[in-house]
Amino acid sequence: MAKEVNYRQEDSLGFLDFPRDVIAQTRESAYAAYNQLAIQKVGVVAMNFEASDYLNSAGIGLIISLVEDATRAGRKVYAYGLSSHYRKLFSMVGLTERLKLVPNEQTMRDQLG
Amino acid sequence: MLRRIPLSVGAVIGVILIVGLIGGLTYFASARIGSTVLEQFRSQQLQVLTSVGQQTEAYFGELTLEGIQLAQRSEVQANAGSRVDPSKASILTSLIENDRVDVVKSVSRFNINGTLLYTCNIETTVNSSGQTVYLCHEFENDADTVDYSIPAELVAQTENQDQENIFEFEPVLYRVRHNELNSVSFNLLILPVEADTSVTQYLVYELNMEAIFADILDFVVDDLRTTDSGQLWVFDYEGNVTFSADSGRADGHHTSLSEYSESEIAAKRNGEPEAEAFVENGIDHQGAFVPADILGRKFLLVRSQHTDEAQAAVSSDLRIILIIAIATVLLLAAGSWVGIRRIFAERTRREAESGMRQTARSLLEVSRALNSSLELQTVLDRILIELQNLIPYYSASILLLNEAGLLEVSAHRGEDKEVHEGGAFRVEEARAAREVIARGHPVIINDTINDERWTQLPNSETRSWIGLPLRIFDRSVGVLNINSNIPIRFTMQDLELAEAFSDQASVALQNARLHDREVTRIEEELTVARGIQSSLMPSTPPESLHLDIAFASTPARQVSGDFFQLIPLNNGRLAIFVGDVSGKGMPAALIMAIMNTTLRDEVTRQTDPAELLNVLNERLLDRLLQNQMNSAMVAAFFDPATQTLGIANAGMVQPYLRTVDNSDWDFVDVGGYPLGASQRANYYGTNIAFIAGSMLILFSDGIIEAQNLRGEFFGFERFEALLESMPPDIDAHTAVDQIMQATRHHIGEEDLQDDITVMVIRALEVVEPSKPKVLTSSSPSVELPMLHLDIPQRDNGSDHRIISTHPERIAQNEGLLMPRENVELFIPSRLGFEKIARNAASALATEMGFSPDRIEDLKTAVSEACMNAIEHGNLEDRATSVNVLLSASPDHLEVRVEDRGRQYIPNPLPPPGGVDKSRGWGMFFIQNLMDEVEITKLPEGGNIVKMTIYLGMEEPTDNDTVADEPSADASEWIEQNE
């Protein structure tokens, strides 16, 4: 029952693996993981929500902050593994304008070529 | 009278002794004067000068505050570059009002580049009526200027700031040189002033430091006038003498501290206050050195005096003090012969009055203390404690008649413990006590040795005794013994007092006896009930080849509302239940007993847990509603053939599961509201693979909500952390033990607030060949939908019943429409508990036939509303709760979330994603996901967020998911980032 955001890297592709609950308490580990990817100068940040089934407003606010930071640094952001409900919420807050929503990791890899 | 004469004589002797002592001390003190007198001088001077240093700091603090207030006046701020009268008049008024016309020479204004804007020189004249008039004199033309400028470093510092914004700097004190003459300096107090253009400028006070210090040090200078050699200096932060004063009788031996180097002066300026001896021009001095912090700059105040003069002054002081002390004592001695008798007579009278008042007060306090408890033994012990305050005794005891007619020592206090070793004795053996009981009146024996009524017990030292009857409804039930080891100790006054006390004690005893009997009766009944209840629940887990099961349950009261059950079924299957009846004590236990009977009756007829819960709800609903109770219950059926667990949940905390392939704990996502809460509950279940090594934990909410003395819940975080710490191969018994211990450890000294129950089930490796598994090992926790619907119509084959308000479907809905049903929850004001409300809302919406998408919308909205209430409404005050009311109507579901509001939800709501783009989205989601939202501010404090979703309303699609456009701020954020 992981509660923290983990990161992994494949060349310039950095993954943020989000836990089941994405809430205010996730912020610290999310930033720690994101900063590690930023240090490694990844060009693409892939947000993996396959394990997540609860994102509250604080959690979505956290995603907004991360996406804003990544966009400012010129990084592409992908998000996958979200249910239709959370895809709707991402759209409502304008996140879909700033990141690429894809169904799964493979689709993302296909699009990245 | 007899007692007063020795007192008078004693007082006279005391006075003589004091005079002798003073004389002796004087003799010894004189011998030590030489060595201590200078230390005393230094100490005095240091104290005086330190006080002066503090006054100096305060003076400059006030001056700065006045300057800041002046700078904030609108007429000063409004005239950034002008020399017009309002600004001048304001400056002059400020200086006159604050009596600063003598210490502030001028006030000038500079812009941020250091260019002079205007100045106001304070001038004093006398008018034709002879009155002093102050003027603010300006320069005649623009070519004129002041003789100083703003220090370059300050200009450089402020120029680097963003001039469009208000620049804030602290008021500073500067010593600056004359623009042309190096020998002339100015002391400037420079303050920030915000002009109407929002650009910071400088307001500069030119200070007359000598006048300031002469004012502050006035009384120290006066003191110097009386000395032959006193000196006073103030060194500024550059080491210059800002102020100095000498003795009024200068003898040509002035010191200048020339023996001290600049660095030594600087060290003292930055050090601690100190006093020391030093030699100057061959003459010994005593000096006090005190630093003063003025607007961040250290000044040094110094006071010195020749040593021989200082010694002479202090010695003189000491002699005067001694003379006064001796004279005072002699006066007292003389006065004692004349008036001491009268003084003692008056004191005795006052003591008597005071004693009576004290007695009355004590009796009142005794009454309060005795009646503050109903617990019998506590009352008895308190009687003896309070008695000691009224009538001091050697020992005291309370003898109560027991059912056998024996006098039983029920309480004892004092030193003669041997007396009551026997515990109980016959009334006939204690004749004195028998007399008290028989007569119902107090008895006093002041000579126990020679009084035939007294039976002296072995080792007893009692020489005087008072026996008081203790009565209940006018019947003597015991004796209060007051013992003294001194003969003829008690007076009639003591007896009267004891009788008054005895009446108070009897009332308390009567109440305690009644209470004790009532408690005993209830406890007996509860013990019987607990026995019955225990017999209904298994004492040991059933033997099983497939499962390792352990459980524990602790009631908050003697009888628990929690229950658990393990019922073997055919084909080796096992039905497992853990439940929690609302409320505690006897009512909960009775419902639990009914529940258990119904459960046993139905369990053999049903094949899966969800169906069983449906039937139980149907059968128990009326009874539960009648008693305004409900019961949560999680039901699990284990099938060894398939190694699966079917689980359904009626309002219990979701069970936790750890599988072999996934070492992380996860909860089993099944929910529903409690049995008895809804007329048409349709519970759903899930099937999970439960192969060897898997572990399931069922528990009551008493564990999560267990509170310690600080009001902290045990909570999900601690619970999950505990589960994470358990090794994969932990057995069920150890797991239960660890959970119970952790909960107990968390509660500490606090009483248990709710029953706590936990059951752990671990799947074992079975040696015998088992039947093929239905589920593959690669997906051990595949969830199989087990929704059971008794409603014929479905929506496009969906598993969820849809009750529509669409006209074509209204007819189909007939007969399905539910009356308005309420489910009410109170969740603690702690983040995380919003999930409980979310799950309850989800369960109810499922029942009503909302589509999965709409249920997700509802879950998010309910979560956000509860989080707002917890975090912003109740400020996470755990003493408060959030009230969630779910109201199901035929065509809509209304959710009302109410907090106890320390903060109001703003109306209108601020747009989300404002300054901090990550915040403020909660209410945005609620408004966009629900069909109707209403926010009400309660007059007594609190908010109600009412949200409604309608059945059959158009589902938002992915393309037009948002009814409203994102707020202006959200759009702005998108644009900014594009």
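Which side chains meet D548(B) and R762(B) in a salt bridge, and at what N to O distance? The side chains of D548(B) and R762(B) meet each other, at 3.2 Å from N to O.

This is a predicted model, in which local features need pLDDT of at least 70 and side-chain atom pairs count only at pLDDT 80 or more, while totals for chains, interfaces and linings use all residues. Residues are numbered from 1 along each chain as its sequence is written, chains are lettered from A and ligands numbered from 1 in the order in which they are written, and side-chain values use heavy atoms, with hydrogens and water left out.

**View 1. Salt bridge between D548(B) and R762(B).** A salt bridge is a side-chain nitrogen of Lys or Arg within 4 Å of a carboxyl oxygen of Asp or Glu. D548(B) belongs to strand 18 (residues 547-554) and R762(B) to strand 27 (residues 756-763) of chain B, so the pair ties together parts 214 residues apart in sequence. Strands (E, at least two residues) and helices (H or I, at least four) are DSSP runs, numbered from the N terminus. Both D548(B) and R762(B) are buried, buried meaning under 20% relative accessible area, exposed over 50% and partly exposed in between (1.4 Å probe, protein chains only).

**View 2. Salt bridge between E62(B) and R100(B).** The closest N and O atoms of this pair are 3.7 Å apart. The pair links distant parts of the chain, 38 residues apart: E62(B) lies in helix 1 (residues 4-71) of chain B, and R100(B) in the loop between helix 3 (85-97) and strand 1 (104-110) of chain B. E62(B) is partly exposed because its relative accessibility is 45%, whereas R100(B), at 7%, is buried.

View 3. D857(B) is buried, with a relative accessible area of 0%, and R854(B) is buried at 3%. Elsewhere, salt bridges that share partners join R20(A), D21(A), D666(B) and K835(B) into one network.

**View 4. Helix 6 of chain B.** V220(B), V221(B) and L224(B) are buried in this helix. D222(B), found in helix 6 (residues 218-225), is partly exposed at 46% relative accessibility.
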